[in-house]
Amino acid sequence: MIQIQSDIICLRAPNPSPLTFTGTNTYIVGIDRVTVIDPGPYIESHLDAILALIDGRPVDAIIVSHSHLDHSPLARPLSDRCGAPVVAFGGPMAGRSEVMQTLVGAIGGGEGADTDFAPDRTVVDGDAIGDFRAIHTPGHMGNHICLLYKDVLFSGDHVMGWATSLVSPPDGDLTDFMASCRKLQSIPARRYLPGHGDPIEDPIARLDWLIAHRLEREAQIMSALIAGADTADRITAKVYADVDASLHFAAKRNVVAHLIDLTQQKRIEPVGVLSVDAVFQPL
């Protein structure tokens with residue numbers, strides 16, 4: 001348990017992994033009444049720990065930033081125990097762009113999605129949830145929201161300090177991810193509290209870095225493609241040669257996201273049907 005400030009406690013779920021870092025951050029916000037953000041994976045001991053920290057106080061809402069298995073499954077059991085509604089942008093397919101809807105089944109993906117997730121209340125961009133304002137930030141997942149609370153932004157998996165977000169189509173959309181980063185640049189916040197890892201104390205610098213990093217990856221992918229690496233597998237092997245092999249699957253999904261984005265930019269095109277195994281060529 002980490003006391004972030006007088007009205008924010010972070011409780012880290014015991015689910016560390018290469019993709020979740022030290023575990024999922026569950027936030028309990030408030031003093032006399034509380035809101036729970038991202039209750040986390042279905043782990044009974046974590047549910048017990050959340051309830052112990054709530055300590056009988058009224059719970060106004062259980063807000064889920066997005067419906068991945070490390071963030072949302074505990075929402076319903078917690079709701080059953082404390083009577084609070086589960087609030088989110090929507091189910092696991094909500095917020096997908098038209099492009100991603102057309103690619104379902106052609107490009108793999110879907111890893112980590114909580115397909116059973118269904119909130120009691122759905123929100124759209126700008127909606128108030130008590131003292132919070134929902135900010136729709138698709139990219140990591142179509143139904144991803146950040147939450148502005150006073151001068152703090154709960155950034156979910158969209159902005160983290162320890163790593164960049166996995167963007168794996170069709171749930172993830174790199175075009176949307178970049179637009180969401182630029183959207184957050186215009187929303188003042190003193191500090192970001194992410195879904196994994198430590199607080200981000202200079203959020204604008206982090207956003208600038210994330211945008212620059214993605215543009216650098218884009219340039220690397222274009223260079224690899226021009227040099228003859230014409231599939232997602234070949235580009236991944238070339239661009240991510242210095243990355244541990246255990247992370248190559250996630251790296252490939254990011255490459256696929258870039259290839260789809262570059263196709264939308266009309267800078268490249270697939271030879272034949274766009275798919276995870278397609279051959280691409282520059283335009």
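# Cavity, pockets, sheet and helices

Reader: How many cavities of 30 Å³ or more does the structure hold?

Author: The structure holds one cavity of 30 Å³ or more. A cavity is a set of points on a 1 Å grid over the protein atoms alone, where a 1.4 Å probe fits but cannot get out. This is a predicted model, where local features need pLDDT of at least 70, side-chain atom pairs count only at pLDDT 80 or more, and totals for chains, interfaces and linings use all residues. Residues are numbered from 1 along each chain as its sequence is written, and side-chain values use heavy atoms, leaving out hydrogens and water.

Reader: How much space lies in the largest cavity?

Author: About 50 Å³. A volume is the space filled by probe spheres set on the grid points, which are joined across faces, edges and corners.

Reader: Which residues are closest to its centre?

Author: I37, D38, F154, S155 and G156, out of 13 lining residues. Lining residues have an atom within 4 Å of a point.

Reader: Which strand gives the most to that lining?

Author: Strand 11, with three residues. Strand 11 covers 152-156. Strands (E, at least two residues) and helices (H or I, at least four) are DSSP runs, numbered from the N terminus.

Reader: Now pockets. What volume has the largest pocket?

Author: About 660 Å³. A pocket is an open set of points with protein on both sides within 12 Å along at least five of seven lines.

Reader: What lines the largest pocket?

Author: It has 31 lining residues, and L19, T164, S165, L166 and A250 lie nearest its centre. Helix 7 supplies the largest share, five residues.

Reader: And by class, how do the residues of that lining divide?

Author: There are 13 nonpolar, twelve polar and six charged. Ala, Val, Leu, Ile, Met, Phe, Trp, Tyr, Cys and Pro count as nonpolar, Asp, Glu, Lys and Arg as charged, and the others, Gly among them, as polar.

Reader: What about the second largest pocket? Which residues lie nearest its centre?

Author: T35, D60, G130, D131 and F132, among 17 lining residues. Its volume is about 200 Å³. Strand 3, strand 4 and strand 5 each supply at least two residues of the lining.

Reader: How many bridges join strand 5 to strand 6?

Author: Two, and these strands run parallel. I62 has V86 in strand 6 as its bridge partner.

Reader: Last one. At what angle do helix 6 and helix 7 cross?

Author: Roughly 115 degrees, with their axes coming within 9 Å. On the helix 6 side, the contact is made by A232, D233, I235 and T236. Helix 7 brings H248, A251, K252, V255, V256 and L259. By class, that contact has six nonpolar, two polar and two charged residues.

Methods:
Axes fitted to C-alpha atoms, helices over the stretch in contact; angles between N-to-C directions. Contact = heavy atoms within 4.5 Å. Pairing = 2+ DSSP bridges.
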